[in-house]
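Open the model in your viewer and keep the selection panel at hand. The stops below say what to pick next and what is there.

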Amino acid sequence: MTVSAELELQSFVLLRLGERRFAVSANQIAELVAPSRVFRFPHRTPKLDGVILRRGRIVPVCDVSEMLVGKRLTSRRFYLIAVRNYGTQREWIAIPVTGECELINAEMTAAVESDAPHVGGWLSHDGDVIEVLNLDTLTPGPEQLRAQAATPHAAEALP
Amino acid sequence: MRLAAPVKPSPVKTEQIILFRVSGQLFAVSSASVQEVRSADSMSGSEIEISAPGLRKVRHVVRRGDRSLFIVNGAMHFGLHATEGALLFVLRKTRTALLIDGIDKMSTMTRLQALPLSFCHEERQWYRGLTALDQTVIPVVKPEGFLSLEELALLDAALLQADNTAAAAHEETDSAQ
């Protein structure tokens with residue numbers, strides 16, 4: 001492998017949601033943890049399950065499975081703790097995943113305009129083409145609220 | 001040789017909180033924000049029925065001198081299953097009397113964590129933040145978050161209308177006599 005080819009390789013964490021695999025840049029991953037108690041309280045933000053306590057921090061649980069695989073996960077084996085950017089601020093979020101995660105080095109193909117906003121790029125690995133997730137557009141945040149400002153909210157609180 | 005004076009650890013800031021339940025869900029409020037705790041029954045004689053369009057969480061108002069306190073049903077505010085409510089928290093520096101199911105206990109909060117930025121809807125107005133107590137996460141409510149300025153304007157208009165209706169009825173009774 002030449003030096004230039006080596007430089008293009010990046011580290012990704014492969015995660016499994018049901019039957020499908022997705023990738024997140026390894027720079028954004030803090031840790032993979034076993035499921036712990038989810039604390040739920042009334043709120044109106046979709047895709048948020050509640051919060052977990054991790055190392056003294058309160059971490060929101062963002063269930064992205066419905067958006068990515070079309071159904072909610074019934075079995076959760078781990079939480080992938082990732083870093084989510086909110087403008088200049090960064091916070092941890094927990095993403096429920098169904099299988100063990102894998103760290104790989106791969107070359108990413110950039111996303112094109114026709115790709116969904118949550119697609120940050122594409123990887124080819126083990127004969128699969130895998131979406132690299134852009135967590136900043138996939139998970140809820142104030143910027144999405146501004147985009148949805150014109151949409152009326154649900155009358156019932158979640159969960 | 002003189003040793004440097006030991007640095008005294010700064011005392012941990014604590015806040016007294018009241019843990020209370022609404023429709024089975026646990027919440028916390030700073031005890032400094034609660035002016036009075038009343039039984040819901042104790043208000044039943046003095047409350048006036050009120051109906052503001054699109055605001056189902058407020059059904060009654062209580063007059064206190066020149067002030068009006070709007071009774072906010074906690075369950076409806078948070079979108080939980082409606083319950084009767086047994087206690088009222090009269091919240092300091094607000095026009096809200098919050099109808100709750102009951103008080104769980106008093107406690108001390110040592111750390112209030114800001115609501116994570118993922119929570120980006122109305123809950124940002126509802127909560128000051130979250131606190132971890134006995135390995136449980138509890139939302140700490142914002143006393144001024146129960147009624148927005150727009151909601152207060154709606155309620156004031158409804159109250160004025162209720163007053164006018166009552167005055168007209170009173171006049172009619174007087175003239176009939």
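Start with confidence: in chain B, where is confidence lowest, and where is it highest? Helix 3 of chain B has the lowest mean, 83. Strand 2 (residues 25-30) of chain B has the highest, 98. The score is pLDDT, the predictor's confidence in each residue, from 0 to 100. Helices (H or I, at least four residues) and strands (E, at least two) are DSSP runs, numbered from the N terminus.

This is a predicted model: local features need pLDDT of at least 70, side-chain atom pairs count only at pLDDT 80 or more, and totals for chains, interfaces and linings use all residues. Residues are numbered from 1 along each chain as its sequence is written, while chains are lettered from A and ligands numbered from 1 in the order in which they are written.

**Stop 1: colour by confidence**

Chain A averages a pLDDT of 87, and 86% of its residues score at least 70. Chain B averages 89, with 93% at 70 or above. For the complex, the predictor gives an ipTM of 0.86 and a pTM of 0.86.

Now select residues 152-156 of chain A. There pLDDT stays under 50, and the model has four contacts beyond four places in sequence. Two residues are in contact if their C-beta atoms, placed from the backbone, lie within 7 Å. Where pLDDT is low, the predicted coordinates should not be read in detail.

**Stop 2: the interface**

Show both chains. 25 residues of chain A are in contact with 19 residues of chain B. On chain A, strand 4 (48-54), strand 5 (57-62), strand 7 (89-97) and helix 4 (142-147) each supply at least two residues of the side that touches chain B. By class, that side has 15 nonpolar, seven polar and three charged residues. Ala, Val, Leu, Ile, Met, Phe, Trp, Tyr, Cys and Pro count as nonpolar, Asp, Glu, Lys and Arg as charged, and the others, Gly among them, as polar.

**Stop 3**

Two strands pair if DSSP finds at least two bridges between them.

Zoom in on strand 1 (residues 9-17) and strand 2 (residues 20-25) of chain A. They pair in the antiparallel sense over six bridges. Arg16(A) has Arg21(A) in strand 2 as its bridge partner.

**Stop 4: a hairpin and a loop in chain A**

Next, take strand 6 (residues 78-86) and strand 7 of chain A, which pair in the antiparallel sense over nine bridges. Arg84(A) is partnered by Glu91(A) in strand 7. The hairpin has two residues between the strands, and Gly87(A) takes a positive phi near 65°.

Move to Lys47(A), in the loop between strand 3 (29-33) and strand 4 of chain A. Its phi is positive, about 70°, although Lys47(A) is not a glycine. Most residues other than glycine have a negative phi, and most peptide bonds are trans. Lys47(A) is partly exposed, with 18 other C-beta atoms within 10 Å. A residue is buried if 20 or more other C-beta atoms lie within 10 Å of its own, exposed if 12 or fewer, and partly exposed in between; C-beta atoms are placed from the backbone.

**Stop 5: chain B**

Of its 177 residues, 32% count as buried.

Pick helix 3 (residues 149-176) of chain B. This helix has 28 residues and reaches 41 Å from its first C-alpha to its last, close to the 40 Å expected at 1.5 Å a residue. The expected span is 1.5 Å times one less than the number of residues. The number buried is one, so helix 3 of chain B lies largely in the open.

Finish at strand 5 (residues 58-64) of chain B. Strand 5 pairs in the antiparallel sense with strand 6 (residues 67-73) of chain B over six bridges. Val61(B) stands opposite Phe70(B) in strand 6.
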